[in-house]
Amino acid sequence: MKASVVKIGNSRGIRIPKPIFEQCGFKEEVELEIENESLVVRPTSQARQNWADAFASMSERNEDMVESTYESISNEWDHSEWEWK
């Protein structure tokens, strides 16, 4: 698909058709990046945006405890086969 470049003040812009805009998951803001002389437009992402709610939910279900699955595993190999330097 081709798009025309339009003048917007001292800048330039392109119009993104609504179906493409929605399919890409764009909201009010996008991230722009140059890769190999190409413009890459990505939806903004907020890392960890729902973590607080997820941790609160885990805490309510008592799923926030750290469990060590390695405590019951023998480490004899470490002492007999491994050469510590």
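**Exercise 1. Which side chain does E35 meet in a salt bridge, and which residues are linked with E35 in a network?**

Solution. 
Step 1. In this predicted model, the side chains of E35 and R42 meet in a salt bridge, with 3.0 Å from N to O. The cut-off for such a contact is 4 Å between a side-chain nitrogen of Lys or Arg and a carboxyl oxygen of Asp or Glu.
Step 2. R42 also meets the side chain of E33 in a salt bridge, at 2.9 Å from N to O.
Step 3. For the exposure of the residues, buried means under 20% relative accessible area and exposed means over 50%. R42 has 35% relative accessibility, so R42 counts as partly exposed. E33 is partly exposed because its relative accessible area is 37%. E35, at 32%, also counts as partly exposed.

**Exercise 2. How many salt bridges does the structure hold, and which residue forms one with K18?**

Solution. 
Step 1. The structure holds 3 salt bridges.
Step 2. K18 forms one with E22, and the closest N and O atoms are 3.9 Å apart.
Step 3. Both residues belong to helix 1 (residues 18-23); because they are 4 residues apart there, about one helical turn separates K18 and E22.
Step 4. K18 has 59% relative accessibility and so counts as exposed. E22 is exposed as well, with a relative accessible area of 52%.
Step 5. As a general point, side chains of opposite charge can pair when their charged atoms come close.

**Exercise 3. Find the aromatic pairs in the whole structure and classify each one.**

Solution. 
Step 1. A search of the whole structure finds 2 aromatic pairs.
Step 2. The ring centres of F21 and F26 lie 5.5 Å apart and the planes stand at 70°, so this pair is edge-to-face. The cut-off used here is an angle over 60 degrees.
Step 3. F21 is partly exposed because its relative accessibility is 28%. F26 has a relative accessible area of 8%, so F26 is buried.
Step 4. For W51 and F55, the centres are 6.0 Å apart and the planes are at 80°, so this pair is edge-to-face too.
Step 5. W51 and F55 both lie in helix 2 (residues 51-60), 4 residues apart, which is about one turn of the helix.
Step 6. W51 has a relative accessible area of 46% and is therefore partly exposed. F55, with 49%, is partly exposed.

**Exercise 4. How do strand 1 and strand 2 run, and how many bridges join them?**

Solution. 
Step 1. Strand 1 and strand 2 (residues 11-14) run antiparallel and are joined by 4 bridges.
Step 2. Within this pairing, K7 stands opposite R12 in strand 2.
Step 3. The two strands form a hairpin with 2 residues between them. G9, in the turn, has a positive phi of about 65°.

**Exercise 5. Is M1 buried or exposed, and which residues form a nonpolar patch with M1?**

Solution. 
Step 1. M1 is placed in the segment before strand 1 (5-8).
Step 2. The relative accessibility of M1 is 81%, so M1 counts as exposed.
Step 3. M1 forms a nonpolar patch on the surface with V5, I14, I16 and I20. Together, these five residues have about 510 Å² of accessible area.

Notes
Residues numbered from 1 in each chain as written. Heavy atoms only, no water. Patch = residues over 30% accessible without salt bridge, like charges linked within 9 Å, V, L, I, M, F, W, Y side chains within 5 Å. Areas by Shrake-Rupley, 256 points an atom, 1.4 Å probe, with all protein chains shown as cover. Buried < 20%, exposed > 50% of the residue type's maximum accessible area, 1.4 Å probe, protein only. Phe/Tyr/Trp six-rings, centres within 6.5 Å; stacked < 30°, edge-to-face > 60°. Pairing = 2+ DSSP bridges.
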